[in-house]
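Thanks for making time for this. I will go through one model, a few residues and then the helix packing around them.

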Amino acid sequence: MKKVIVFILINFAGLALGSFFTNPGVSSDWYASLAKAPWTPPGWVFGAAWFTIMVCFSFFCAKRYDTEGKSAFLRLFIPAWILNVIWNPVFFYGQFVLPGLIVILFLTCLIIYWQLKSFRDAPAVSFLLLPYSVWLCIATSLNAYILIMNP
């Protein structure tokens, strides 16, 4: 249980860092003026989704840290954590839609790869990444829609 708590602290620290750059961006004139996808969820859904994702991800991390080995685990965890944190400043703060899409595409591919890799030896544990994978696919589509519809 200690590892779960450690990963909850690390993952929610990443969310806090990212949200530091999100809040001014969401309420900005720039973001308000963008054409957004019709399937864009209401704002409150983002908070609820990320809370659920990070709790599941923290349990996943605690399990995989022991079974993958520290080095193999960190080779996937560190880039995933960094990509998750930097998307917000790239997209919202910098207002760089294409680089934001590139960041989120890399993160999406990394998380889906990690889920599939984990499925081989820990199928039940790999399902803890399902909320993250699904949400990243949705978020990637939202980012792509903004890029396409706002030339």
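L83 sits in helix α4. Keep in mind that this is a predicted model. L83 has a relative accessible area of 17%, so it is buried. Leaving aside residues up to four places away in sequence, L83 touches V103, F106, L107 and L110. There is also G14, which is 69 residues away from L83 along the chain; the two C-alpha atoms are separated by 9.9 Å.

Next is N84, also a residue of helix α4. Is N84 buried or exposed? Its relative accessible area is 13%, so N84 is buried. With residues up to four places away in sequence again left out, N84 touches L15, W50, M54, L107 and Y132.

Start with α3 and α4. Helix α3 covers residues 43-68 and helix α4 covers residues 70-93. The angle between them is about 160°, and their axes are 9 Å apart. The cut-off for roughly antiparallel is over 145 degrees, so α3 and α4 are roughly antiparallel to each other. Their crossing is left-handed. Which residues meet there? From α3 we have W50, M54, F57, C61, R64, Y65 and E68, and from α4 we have K70, A72, F73, L76, F77 and N84. By type, the residues of this contact divide into nine nonpolar, one polar and three charged.

The second pair is α4 and α7, where helix α7 is residues 130-149. Here the packing angle is about 30°, with the axes 14 Å apart. Angles under 35 degrees count as roughly parallel, so α4 and α7 are roughly parallel to each other. This crossing, too, is left-handed. On the α4 side the contact is made by A80, N84, W87 and F91, and on the α7 side by Y132, N143 and I146. Those residues divide into five nonpolar, two polar and no charged.

Q95 is found in the loop between α4 and α5, the latter being residues 97-121. Q95 is not a glycine, yet it has a positive phi of about 60°. With a relative accessible area of 36%, Q95 is partly exposed.

Last item, the cysteines. How many disulfides does the structure hold? It holds zero. C56 is buried, at 18% relative accessible area. C137 is in no disulfide either, and the nearest cysteine sulfur, that of C109, is 8.8 Å away. C137 has a relative accessibility of 41%, so it counts as partly exposed.

To recap the packing: α4 runs roughly antiparallel to α3 and roughly parallel to α7, and N84, in α4, is buried. That is what I have.

Key. Residues numbered from 1 in each chain as written. Predicted model: local features only at pLDDT ≥ 70, side-chain atom pairs only at ≥ 80, totals over all residues. Heavy atoms only, no water. Axes fitted to C-alpha atoms, helices over the stretch in contact; angles between N-to-C directions. Helix = DSSP H or I, 4+ residues; strand = E, 2+ residues; numbered from the N terminus. Parallel < 35°, antiparallel > 145°, perpendicular 65-115°, else oblique. Left-handed = near helix turned anticlockwise from the far one by under 90°. Contact = heavy atoms within 4.5 Å. Nonpolar A, V, L, I, M, F, W, Y, C, P; charged D, E, K, R; others polar. Disulfide = S-S within 2.5 Å. Buried < 20%, exposed > 50% of the residue type's maximum accessible area, 1.4 Å probe, protein only.
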